[in-house]
Amino acid sequence: MIATATATLGCAATGAPSGAQTPIVLGEAPTLLALPPSPNPVVVFRLFFRSGSADDPPGREGLTALTASWIAEGGTQKLAPAALRDKLFPMAAGLEVQVDKEATVFVGRVHRDKLGEFVPLLLDVMLAPRWDESEFRRLRADALDDVTKSLRLDNDEELGKQALGALLWGGHPYGHTVGG
């Protein structure tokens with residue numbers, strides 16, 4: 001999924017009104033979009049991959065979302081998941097992943113004063129994930145619970161959207177939920 005995806009790297013200081021900043025495009029592939037500085041002290045990194053749940057192999061629906069979660073939450077070769085969280089917490093930094101039908105986006109947030117500490121962690125997460133089997137099992141169980149319990153029991157609106165999507169896109173890669 002991610003190894004073959006075309007990447008667009010984005011770095012933006014958040015907080016400025018939308019439309020007030022014009023992206024500066026640098027390079028070809030991967031593309032780096034850098035927005036002008038903002039007075040907001042929070043720096044946001046968006047690592048955008050043009051590969052989403054529509055690229056899941058048949059019979060393995062949810063694989064993109066599971067793999068992306070495993071990368072974001074599974075630690076690095078140097079740091080176990082708990083150690084990574086322990087490093088991010090005092091920096092008030094965060095790392096999350098958003099998977100959609102056509103794209104996967106890793107989002108990192110940190111205060112600009114902690115940028116020097118955060119960037120090596122972000123690079124380590126993205127370039128040297130841990131791939132721990134026990135973490136995979138935990139994330140897989142969470143994903144299954146999300147689809148089988150949370151979606152069906154706690155979120156009628158989202159369940160309706162997913163049912164409509166399955167009806168409209170049945171047999172097409174868009175016909176399944178992002179989570180599988």
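Partly exposed means a relative accessible area between the buried limit, under 20%, and the exposed limit, over 50%.

Entry 1. I opened the model, which is a predicted one. I searched the whole structure for salt bridges and found 7.

Entry 2. I looked up K161 and its partner. K161 forms a salt bridge with E157, and the closest N and O atoms are 3.9 Å apart. Both residues lie in helix 5, which covers residues 156–169. They are 4 residues apart there, about one turn of the helix. E157 has a relative accessible area of 59% and is exposed.

Entry 3. I went to helix 4, residues 133–154. Which residue does E133 form a salt bridge with? The partner is R137, with 3.1 Å between the closest N and O atoms. E133 and R137 are 4 residues apart in this helix, so about one helical turn separates them. I checked the accessibility of each: E133 is exposed at 55%, whereas R137 is partly exposed at 48%.

Entry 4. I looked up K114. Its side chain meets that of E117 in a salt bridge, 3.7 Å from N to O. Is K114 buried or partly exposed? I read 31% relative accessibility for K114, so this residue counts as partly exposed. E117 has 45% and also counts as partly exposed.

Entry 5. I ended with a network. Salt bridges link E73, E135, R138 and D142 in it.

Notes:
Residues numbered from 1 in each chain as written. Predicted model: local features only at pLDDT ≥ 70, side-chain atom pairs only at ≥ 80, totals over all residues. Heavy atoms only, no water. Salt bridge = Lys/Arg side-chain N within 4 Å of Asp/Glu carboxyl O. Buried < 20%, exposed > 50% of the residue type's maximum accessible area, 1.4 Å probe, protein only. Helix = DSSP H or I, 4+ residues; strand = E, 2+ residues; numbered from the N terminus.
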